[in-house]
Amino acid sequence: MGRAWLSYRPDADQEGYFLSCLRLRRLPESGDEVAKTVIFVVDKSGSMSGEKIEQARAAIKFVLNNLREGDTFNIVYDSSVESFRPELEKFNDETRQQALGYVEGLYAGGGTNIHEALSTALKQLQDDSRPSSSSS
């Protein structure tokens, strides 16, 4: 699996941002679709208010609208470490609609507890037979 990190800090006295990209080295043969697992870890602390939380919502919605049946997913956010579902959810049209509604209700507020949110997300990745990623 290839990995790339990109970080950016506008000013030394401001918080920065990072982007993590993961890519499979070997793609499945055409027509040989592999079910995948995606877990979104969302910072929804007060510092994410305004445009930042809107961008996070848009990114999650984009990925949700591009998952396939058989994929599994979940959404974990940091403030009080809560999840869309207590465990990975099988993707289908019904769960996609429910997740899109859940994402629409995400708002910025509270503190940051990213360590516990990441720990919660990583505990859900237990199936070594499928590609998986946690995104924040």
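At what angle do helix α1 and helix α2 pack, and how far apart are their axes?

1. Helix α1 (residues 51-64) and helix α2 (residues 93-104) pack at an angle of about 175 degrees, and their axes lie 10 Å apart; axes here are lines fitted to C-alpha atoms, for helices over the stretch in contact, with angles running from 0 to 180 degrees between N-to-C directions. The two helices are therefore roughly antiparallel to each other, a label that applies to angles over 145 degrees. On the α1 side the contact is made by R57, I60, K61 and L64, and on the α2 side by R96, A99, L100, V103 and E104, where contact means heavy atoms within 4.5 Å. These residues divide into five nonpolar, no polar and four charged, with Ala, Val, Leu, Ile, Met, Phe, Trp, Tyr, Cys and Pro counted as nonpolar, Asp, Glu, Lys and Arg as charged, and the others, Gly among them, as polar.

2. This is a predicted model, in which local features need pLDDT of at least 70 and side-chain atom pairs count only at pLDDT 80 or more, while totals for chains, interfaces and linings use all residues. Residues are numbered from 1 along each chain as its sequence is written, and side-chain values use heavy atoms, with hydrogens and water left out.

3. The protein chain holds three helices and seven strands, which are DSSP runs numbered from the N terminus (helices H or I, at least four residues; strands E, at least two). Along the sequence they follow the pattern β-β-β-α-β-β-β-α-α-β. Of the contacts between residues at least 6 apart in sequence, 64% join residues at least 24 apart.

4. K61, in helix α1, touches L100, V103 and E104 when residues up to four places away in sequence are not counted. K61 and V103 are 42 residues apart in sequence, yet 7.5 Å apart in space from C-alpha to C-alpha. K61 counts as partly exposed because its relative accessibility is 24%, that class lying between buried (under 20% relative accessible area) and exposed (over 50%), with a 1.4 Å probe and protein chains only.

5. N74, in strand β4 (residues 72-77), counts as buried because its relative accessibility is 0%; buried residues make up 27% of the 136 residues in the chain. The side chain of N74 reaches the backbone oxygen of R85 at 2.7 Å, and a polar atom of that side chain lies 3.2 Å from the backbone oxygen of E87. Leaving aside neighbours within four places in sequence, N74 is in contact with residues including V38, F40, F84, L88 and Q124.

Key
A polar contact is a pair of N or O atoms within 3.5 Å; within protein, one must be able to donate a hydrogen and the other to accept it, and residues adjacent in sequence count only if both atoms are side-chain atoms. Angles under 35 degrees count as roughly parallel, over 145 as roughly antiparallel, 65 to 115 as roughly perpendicular and the rest as oblique.
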